[in-house]
Amino acid sequence: MTRNLDIAVFEGDGIGPEIMAPTLAILRKIAEANGDYTLTFTAHPAGAAHYAKTGDSLPKSSLDAAGAADAILLSAMGLPDVRYADGTEISPQIDLRKAFNLFAGVRPVRVGPGPLSPLKIPQGREIDFVLIRESTEGLFHTQGTGTVTDDYAEETLRITREVSEKLFRFAFALARDRKAQGRGPGRVTCVDKANVFRAFAYFRGIFDEEAKAFPDLIADHAYVDATALWMVQKPWDFDVMVTENMFGDILSDLGAGLMGGLGVAPSADIGLDQAVFQPCHGSAPDIAGQGKANPLAMILSGAMMLEWLGLRHDIAALAADGQRLRTAVESVIDAGQILTADLGGTASTQQAGDAVLAAL
Ligand code: ATP
């Protein structure tokens, strides 16, 4: 039986619509070629430009439609000049994270043999790890509500057992899936600062308890400062890393740097019932409308969506298509011939999208 899956699409601001267009064209082509499933894409309004027009950055109808969809595909959102009255940026992607409890921010880091990475990768080494950033609490707990007086400013770090347990189970399950695919030894590293903060000792304690349910996997720990060093010195040693929100925010940009830039860094925010797939980068208003934005991070995020949907609904062809799309993008990156300006080339958005189609 052919299964239809509804995808809620948010085209976003700035370069958002430009990188969403080739992504949808590719996903449609892939789905059409396969009889086991169909994909229906429906665009919904949200974002900074929508806020400037209507005073609403994420209409309730869009939020409801996103909740009812099988997955959410989101381009970059936000514009530097469009802000809420209190001066904060318009970021419906954060509202979606909160609304659907998307606790696991998944940031894959894969560096191939191509010219992009600033690292010299020794012969026989491969950089292919996943950073999981807790995305609903941690040091973002008081985001927007921290205390600021003349004399001091204060924000609160919050770690809860409920979210941490879900987060660690997710990390171990991902490491198990990767091991089954021949990617990584099945190791999960808890990245924390347990030597200094009691909250992180608590975080680590919950990690160790959850690890007992996964005896086939390796559970280890690293302090966040050492992790930053090792991500540069020996990133091939990592498999799945799991960490607090702010640490993850910072380390995921370091991961994007290892890959060659934000233009090739995909991400997913995953909860128990819903998931948002979007590139790591912002809306790049400085290059919007010029047809030169790099669509590869957005396309890789689409590939992650296919894989997640395939596993979730047990549709092997869909998961396989996600892997095929990822491999196609990686081959374009590794070949290094069709590169957009952010990667030092001259290719247009359209040419980069066409190169992925050709690789498929
Ligand atoms: P945010 O705070 O929303 O993450 P930001 O202001 O940190 O956004 P981006 O919008 O990601 O930053 O842009 C940072 C720089 O990277 C800009 O110069 C932008 O043009 C460039 N950039 C980001 N994404 C892309 C892309 N997909 N293709 C080409 N250049 C990009």
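This is a predicted model: local features need pLDDT of at least 70, side-chain atom pairs count only at pLDDT 80 or more; totals for chains, interfaces and linings use all residues.
1. Glycine 336 comes directly after H10, and its phi is positive, near 65°.

2. Helix H10 covers residues 316-335, 20 residues in total. From first C-alpha to last, H10 reaches 28 Å. That is close to the 28 Å expected at 1.5 Å a residue.

3. Take isoleucine 333, which lies in helix H10. Its relative accessibility is 11%, under the 20% cut-off, so isoleucine 333 counts as buried. Leaving aside neighbours within four places in sequence, isoleucine 333 is in contact with Pro115, Leu116, Val264 and Leu296. Valine 111 is 222 residues away from isoleucine 333 in sequence, yet 9.4 Å away in space, C-alpha to C-alpha.

4. Now the sheet. Ten strands form an open sheet with mixed pairing. The order is E2-E1-E3-E12-E11-E4-E5-E10-E8-E9. Strand E2 (37-43) and strand E9 (218-223) are the edges, each pairing on one side only. From one strand to the next, the twist averages 25°.

5. Within this sheet, strand E5 (residues 127-134) and strand E10 (residues 240-243) run parallel. Four bridges join them. Isoleucine 132 stands opposite valine 242 in E10.

6. Two helices lie across the strands. Helix H7 (residues 224-233) lies across E5, E8 (187-192), E9 and E10. H7 runs at about 100° to E9. Helix H9 (residues 296-312) lies across E1 (3-10), E2, E3 (71-74), E4 (104-111), E11 (266-270) and E12 (275-279). H9 runs at about 155° to E12.

7. Last, a helix pair. Helix H5 (residues 161-180) packs on helix H6 (residues 198-211) at an angle of about 50°, with the axes 9 Å apart. The two helices are therefore oblique to each other. The crossing of H5 past H6 is right-handed. On the H5 side, the residues that meet H6 include Leu167, Phe168 and Phe172. The H6 residues they meet include Tyr202, Phe203, Ile206 and Phe207.

Technical notes: Residues are numbered from 1 along each chain as its sequence is written. Side-chain values use heavy atoms; hydrogens and water are left out. Two strands pair if DSSP finds at least two bridges between them. Axes are lines fitted to C-alpha atoms, for helices over the stretch in contact, and angles run from 0 to 180 degrees between N-to-C directions. Contact means heavy atoms within 4.5 Å. The expected span of a helix is 1.5 Å times one less than its number of residues. Angles under 35 degrees count as roughly parallel, over 145 as roughly antiparallel, 65 to 115 as roughly perpendicular and the rest as oblique. A crossing is left-handed if the near helix is turned anticlockwise from the far one by less than a right angle, and right-handed if clockwise. Buried means under 20% relative accessible area, exposed over 50%, partly exposed in between (1.4 Å probe, protein chains only).
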